[in-house]
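Please keep the structure open while reading.

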Amino acid sequence: MRIPEYHYLVFEYIHKFGLQIHPFINETPEEVIYVNGVKTRARIYHRQPDILQYPVAPHEAWKTAKHLFNLAVKPIVDFINKDPIRNWSLVVKRFDKYSMYTFLKFYPHEFGTPFSEGAIEMMAVLLDLEGLMEESFLDILRINMPLVQTRFYQITGGNARLPEAFLPQVQEDIVFQQRMSKIVQYKNGVTIHSIHQSTLEPYSVTGDFAIVTIPFTVLRFVEVEPRDSFSHNKWKAIREMNFAISTKIAIEFKSRFWEREGLMGGKTVTDLPIRFTYAALGGNSISLKRFFCKREPKVSDSTVF
Ligand SMILES: Cc1cc2nc3c(=O)[nH]c(=O)nc-3n(C[C@H](O)[C@H](O)[C@H](O)COP(=O)(O)OP(=O)(O)OC[C@H]3O[C@@H](n4cnc5c(N)ncnc54)[C@H](O)[C@@H]3O)c2cc1C
């Protein structure tokens with residue numbers, strides 16, 4: 001799990017609890033690329049992008065997937081960063097109608113022309129966008145702004161140290177296996193009703209406020225009383241919020257064999273079903289995590305060591 005540098009609240013807590021962090025190595029020149037039946041290293045692809053044999057247009061030759069993507073997207077990101085509050089809303093108005101695919105295919109970017117099918121395919125495969133091409137361009141822009149500029153970090157000793165650091169203050173109040181079933185709001189308080197997942201015993205807790213952080217997709221199944229304690233637009237957002245499917249799988253090996261291949265952090269990329277694989281550094285970890293992002297009808301996969 002990579003913590004992007006713009007997750008300011010997370011970093012406030014990291015500092016508050018005195019936790020150590022180290023950079024997450026997102027990419028290295030040694031990472032392996034295996035696509036279109038061609039196996040190479042990133043440093044070779046960066047010098048010679050046509051080694052992967054994508055049928056790009058002549059003016060796109062000698063440009064990597066990231067370079068091409070940034071030609072179209074970086075000017076928009078730079079514009080947002082000049083004045084994020086004002087400019088995000090302008091960008092939303094301008095690009096609301098584009099999917100990721102139609103943006104790459106039809107938006108006349110700074111380079112002077114939209115991209116060829118070959119270039120779009122190369123970006124989709126190498127930048128892990130293949131399962132997201134029908135999704136909103138603006139959603140992908142939010143996710144992929146990191147491709148343009150962000151640094152990532154990990155908590156030394158494991159990211160679990162962050163939730164564990166809260167324990168001394170909240171341990172007594174944590175209840176496990178409770179599925180919230182109902183929220184009842186009063187003038188001066190709120191009661192959360194829940195059901196124990198194994199015993200099916202009902203349980204409730206009352207307080208001044210409730211911070212509800214379950215995803216909207218499951219909040220849809222929770223009763224709320226009175227109904228108008230959520231605004232009309234909040235109900236609409238709860239109903240309409242959509243999620244892409246994404247899963248992470250951990251596989252443990254006896255040894256960190258990838259390090260013998262020169263993979264010290266960074267990732268491997270392939271158009272085989274395993275898709276993206278990230279090698280984690282630090283500790284004695286010998287685990288491999290597989291993480292794949294899937295959106296029907298297309299499938300894109302990422303893997304994390
Ligand atoms: C495969 C994958 C990889 C990711 N990698 C990264 C990464 O590298 N860096 C990054 O910053 N982000 C990453 N993310 C995104 C990150 O995991 C999410 O943004 C984050 O977990 C959202 O936190 P949350 O608390 O809002 O929701 P969640 O983490 O989904 O927590 C919601 C909780 O609510 C509980 N719940 C649901 N219904 C009920 C109910 N009725 N009653 C009680 N509890 C309920 C669930 O069990 C869950 O524990 C990744 C996500 C996925 C899926």
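**Aromatic rings, strands and surface**

Phe103 and Tyr107 are both buried (under 20% relative accessible area; exposed is over 50% and partly exposed lies in between, using a 1.4 Å probe and protein chains only). This is a predicted model, in which local features need pLDDT of at least 70, side-chain atom pairs count only at pLDDT 80 or more, and totals for chains, interfaces and linings use all residues. Residues are numbered from 1 along each chain as its sequence is written, and side-chain values use heavy atoms, with hydrogens and water left out.

**Aromatic pairs**

- The whole structure holds 14 aromatic pairs (ring centres of Phe, Tyr or the six-membered ring of Trp within 6.5 Å; planes under 30 degrees apart are stacked, over 60 edge-to-face, the rest tilted).
- Phe95 pairs edge-to-face with Phe103, at 5.9 Å centre to centre and 70° between the planes.
- Phe95 is buried, as is Phe103.
- Phe103 and Tyr107 are stacked, because their ring centres are 4.9 Å apart and their planes lie at 15°.
- Ring pairs join Phe95, Tyr98, Phe103, Tyr107 and Phe137 in a cluster.

**Charges over rings**

- Arg227 places its charged end over the ring of Trp235, 4.5 Å from the centre (NZ of Lys or CZ of Arg within 6 Å of the ring centre and within 35 degrees of the ring normal).
- Lys234 lies over the face of Phe230, 4.7 Å from the ring centre.

**Strands around β3**

- Strand β3 (residues 32-35) runs antiparallel to β4 (residues 38-41), joined by 4 bridges (strands pair if DSSP finds at least two bridges between them; strands are DSSP E runs of at least two residues, helices H or I runs of at least four, numbered from the N terminus).
- The hairpin of β3 and β4 has 2 residues between the strands, and Asn36 takes a positive phi near 50° there.
- β3 also runs parallel to β11 (residues 267-270), with 2 bridges.
- Ile33 stands opposite Thr40 in β4 and opposite Val269 in β11.

**Nonpolar surface patch**

- Val212, Ile214, Val218 and Phe221 make a nonpolar surface patch of about 360 Å² (residues with over 30% relative accessible area and no salt bridge; nonpolar side chains, namely Val, Leu, Ile, Met, Phe, Trp and Tyr, are joined within 5 Å, like charges within 9 Å).
- A salt bridge puts a side-chain nitrogen of Lys or Arg within 4 Å of a carboxyl oxygen of Asp or Glu.
- Val212 lies in the loop between β8 (202-207) and α9 (216-219).
- Val212 is partly exposed, at 34% relative accessible area.

How values were computed:
Accessible areas come from the Shrake-Rupley method with a 1.4 Å probe; for residues, only the protein chains shown count as cover.
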